[in-house]
Amino acid sequence: MQTRFILIETSHAGNVGAAARAMKVMGFDDLVLVAPRWPNVLRKEETIQRASGANDVLAKARVVQTLDEALDGVTHLCGTAMTPRDFGPPTRAPREHFAELIRPGAPEQCVAFLFGSERFGMKNEDVYRCHVALSIPTNPQFGSLNLGSAIQVIAYDWRVALGGFPVQEAVPPADKADAQQVAGMLTHWEQALTDIGFLDPAAPKKLMPRLNQLFNRADLSPEEIHILRGVAKAMIQSAGGKR
């Protein structure tokens with residue numbers, strides 16, 4: 001699916017940068033501004049700062065004077081009007097509607113998300129052109145979202161509907177200790193527990209097998225094995241000093 005984000009008469013430069021940032025983190029880059037307050041808004045310092053590195057989205061963005069220009073090639077238009085209209089498209093939650101757009105057998109389309117100005121929202125005539133009015137489910141007593149936040153929510157839900165991105169590990173997964181390393185560490189611990197008087201070699205019962213199972217469940221790394229052997233070594237040294 002081709003995806004476009006359209007902002008009408010945006011009055012704050014920072015919101016344009018925030019929009020670019022919200023789009024980029026979800027993998028979208030087609031941004032069109034309709035008659036923004038500042039003709040050079042894509043180059044303003046506040047816009048660039050709020051974009052936080054999404055400069056490629058700003059570089060590709062287009063400024064047009066009419067909504068007709070912004071809708072060139074669009075086949076499905078989603079408005080984001082929060083105020084109900086007496087006449088107009090159906091109002092639906094984003095996820096509910098997106099599930100219909102990507103259902104098996106649905107035609108591939110160029111989907112656009114339309115956002116009104118910060119001060120006045122969307123004009124009725126713009127809402128009437130939409131196939132659907134998306135309403136983000138919010139607290140009924142306080143549903144106010146700033147423009148950047150609304151774009152981020154819509155972009156996230158749409159990306160999830162399209163398949164999403166895999167979660168990336170904060171750190172690479174650690175290597176796992178092999179059976180020989182675990183066995184060596186257990187032997188070390190058996191000696192340490194004996195030296196401190198916790199384990200009676202004459203009646204060990206099931207202590208060591210239970211520890212074996214415990215450490216197997218822990219999926220220890222070689223570094224963790226090294227730490228545990230260091231603890232066992234300190235226990236042995238401490239027990240020897242006391243004797």
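1. Helices (H or I, at least four residues) and strands (E, at least two) are DSSP runs, numbered from the N terminus. Read this way, Ser 11 belongs to the loop between β1 and α1 (13-25). The model is a predicted one.

2. Is Ser 11 buried or exposed? Its relative accessibility is 12%, and the cut-off for a buried residue is under 20%, so Ser 11 counts as buried. Leaving aside residues up to four places away in sequence, Ser 11 touches Arg 37, Trp 38, Glu 118 and Arg 119.

3. On the overall content, the protein has 10 helices and seven strands. The seven strands form an open sheet with parallel pairing, in the order β3-β2-β1-β6-β4-β7-β5. At its edges are β3 (62-64) and β5 (91-92), each of which pairs on one side only. Strands of a sheet pair through backbone hydrogen bonds, either parallel or antiparallel.

4. Strand β6 covers residues 110-115. How many of the six residues of β6 are buried? Six of the six are, so β6 is largely enclosed by the rest of the structure. In a regular strand the side chains alternate between the two faces of the sheet. In β6, Cys 110, Ala 112 and Leu 114 point one way, while Val 111, Phe 113 and Phe 115 point the other way, and all are buried.

5. The neighbours of β6 in the sheet order are β1 and β4. With β1 (residues 2-8), β6 pairs in the parallel sense over six bridges, and Phe 5 has Phe 113 as its bridge partner in β6. With β4, β6 also runs parallel, joined by four bridges. Here Cys 78 stands opposite Phe 113.

6. The bridge partner of Leu 7 in β2 is Leu 33.

7. Gly 79 stands opposite Ala 133 in β7.

8. The C-alpha trace spans about 90 × 40 × 35 Å along its principal axes.

9. Some totals complete the picture. Buried residues make up 40% of the 243 residues. Of the contacts with a separation of 6 or more, 84% are between residues 24 or more positions apart. The protein exposes about 14,500 Å², of which carbon and sulfur atoms supply 52%. There are 26 positive and 26 negative side chains, and the centres of the two sets lie 5 Å apart.

Terms used: Residues numbered from 1 in each chain as written. Predicted model: local features only at pLDDT ≥ 70, side-chain atom pairs only at ≥ 80, totals over all residues. Heavy atoms only, no water. Pairing = 2+ DSSP bridges. Buried < 20%, exposed > 50% of the residue type's maximum accessible area, 1.4 Å probe, protein only. Contact = heavy atoms within 4.5 Å. Areas by Shrake-Rupley, 256 points an atom, 1.4 Å probe, with all protein chains shown as cover. Lys, Arg positive; Asp, Glu negative; His and termini not counted. Charge placed at Lys NZ, Arg CZ, Asp CG, Glu CD.
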